[in-house]
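Here is a short briefing to read alongside the model. Please keep the 3D view open as you go through the points.

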Amino acid sequence: ATGDIEKGKEIASGVCAGCHNVDGNSAIPIYPILAGQEAGYTAKQLNDFKVVDGEETKRSSEIMAPMVAMLSADDMTNVAAYYAQQTPKAGVASDESLLEEGKRLYQGGNLEDDIPACSSCHSPNGQGIPPHYPRIDGQHPGYTFSQLHAFRQGTRKNDTNDAMQMIVSRMSEHEMKAVSEYIATL
Ligand code: HEM
Ligand code: HEM
């Protein structure tokens, strides 16, 4: 579905801007950068945050659940189309000492523990492979780390083929931290 970018901008400029900024370039590390993300992925995330009576939420977030409760399916498509048009700012690592190790994991995985290379799905430059594999380049390391945790704890279980849940179950805290730092620099 193609969204109405003008209508999407109206939504993004409202309550969303308080955390994600008007152009989706959140300045606060716990709030994800949404600028430049593929529209289909963003719309899917908004839908997955929805709490539907009697159903288990695929992506549980106390903050985002009330936000998406206010949005119609068209609103989600429109705001996603708007964010997709925005240019993401370059990311910054918070711990440069972990970059080398993070790069190795990202590009080559860890054969010993059966961790595949992140680049195989998210592409070598982190820009993702539409429609299923999101771009993750330049993201705040704190947010990326929190998502790896969420996949591990099962509060996020919306990946199409359970790849993320399986991968993080094999990763150490240290590896998750290192790869999150490297991804911020892509
Ligand atoms: C995550 C959109 C309002 C805080 C997300 C994601 C999207 C999104 C698409 C998922 C990003 C990804 O998967 O990379 C929106 C829209 C909003 C809105 C369209 C307005 C209707 C807010 C507000 C806050 C907020 C006001 C802060 C009070 C967060 C947080 C996450 C998140 C903490 C990460 C949730 C998690 O841990 O899974 N938002 N957002 N958002 N947003 Fe928002
Ligand atoms: C989503 C990191 C490997 C498939 C994500 C997200 C992160 C991430 C942070 C969430 C993005 C966001 O919230 O905006 C990583 C890292 C990897 C890795 C660090 C290597 C250790 C892989 C591999 C695959 C894969 C090898 C495919 C087999 C996916 C899919 C999603 C995703 C399908 C989207 C889930 C959804 O629809 O919500 N990944 N990934 N990832 N990843 Fe990975």
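Predicted model: local features only at pLDDT ≥ 70, side-chain atom pairs only at ≥ 80, totals over all residues.

Residues are numbered from 1 along each chain as its sequence is written, chains are lettered from A and ligands numbered from 1 in the order in which they are written, and side-chain values use heavy atoms, with hydrogens and water left out.

**The iron atom of ligand 1**

- Which protein atoms are donors of the iron atom of ligand 1? They are NE2 of His-20 and SD of Met-64, lying 2.0 to 2.3 Å from the iron; a donor is an N, O or S atom within 2.8 Å of the metal (3.2 Å for Na, K and Ca), and since water is not among the atoms, sites may look incomplete.
- The site is octahedral because its six donor atoms subtend angles of 86 to 180° at the iron.
- For six octahedral donors, the ideal angles at a metal are 90 or 180 degrees.
- His-20 belongs to helix 1 and Met-64 to helix 3, so this pair ties together parts that are 44 residues apart in sequence. Helices here are DSSP runs (H or I, at least four residues), numbered from the N terminus.
- His-20 counts as buried because its relative accessibility is 10%, and Met-64 counts as buried at 17%. Buried means under 20% relative accessible area, exposed over 50%, and partly exposed in between (1.4 Å probe, protein chains only).

**The shell around ligand 1**

- There are 20 residues around ligand 1, and the closest are Cys-16, Cys-19, His-20, Arg-59 and Met-64. A residue is near a molecule if one of its heavy atoms lies within 4 Å of it.
- A polar contact is a pair of N or O atoms within 3.5 Å.
- Helix 1 (5-20), helix 2 (39-49), helix 3 (64-69) and helix 7 (141-153) are the elements that give two or more residues to this shell. Helix 2 has the largest share, with five residues.
- The shell around ligand 1 has 14 nonpolar, five polar and one charged residues. In this scheme Ala, Val, Leu, Ile, Met, Phe, Trp, Tyr, Cys and Pro are nonpolar, Asp, Glu, Lys and Arg are charged, and the others, Gly among them, are polar.

**The iron atom of ligand 2**

- His-122 (NE2) and Met-164 (SD) coordinate the iron atom of ligand 2 at 2.0 to 2.2 Å.
- Its six donor atoms give angles of 86 to 180°, and the site is octahedral.
- His-122 sits in helix 6 (residues 119-122) and Met-164 in helix 8 (residues 163-168), so the pair ties together parts that are 42 residues apart in sequence.
- Both His-122 and Met-164 are buried.

**The shell around ligand 2**

- Ligand 2 has 27 residues around it, of which Cys-118, Cys-121, His-122, Tyr-143 and Met-164 come nearest.
- Polar side-chain atoms of Tyr-41 and Gln-45 lie by an oxygen atom of ligand 2, at 3.1 Å and 2.8 Å respectively.
- At least two residues each come from helix 2, helix 6, helix 7, helix 8 and helix 9, and helix 7 supplies the largest share, four residues.
- By class, this shell divides into 16 nonpolar, eight polar and three charged residues.

**Aromatic pairs**

- How many aromatic pairs does a search of the whole structure find? It finds two, where rings of Phe, Tyr and Trp (its six-membered ring) pair if their centres lie within 6.5 Å; planes under 30 degrees apart are stacked, over 60 edge-to-face and the rest tilted.
- Tyr-82 and Tyr-83 form a tilted pair, because their planes meet at 50°, with the ring centres 5.8 Å apart. Tyr-82 is buried at 5% relative accessible area, and Tyr-83 is buried at 3%.
- Tyr-106 and Tyr-182 also form a tilted pair, 5.7 Å centre to centre with 55° between the planes. Tyr-106 is in helix 5 (residues 99-108) and Tyr-182 in helix 9 (residues 173-184), so the pair ties together parts that are 76 residues apart in sequence.
- Tyr-106 and Tyr-182 are both buried.

**Asn-47**

- Asn-47 lies in helix 2 and is partly exposed, with a relative accessible area of 47%.
- Asn-47 and Ala-73 are 26 residues apart in sequence, and their C-alpha atoms are 7.8 Å apart in space.

Notes
Tetrahedral: all angles 85-135°; square planar, octahedral: opposite > 155°, others 65-115°. Polar contact = N/O pair within 3.5 Å; in protein donor to acceptor, adjacent residues only side chain to side chain.
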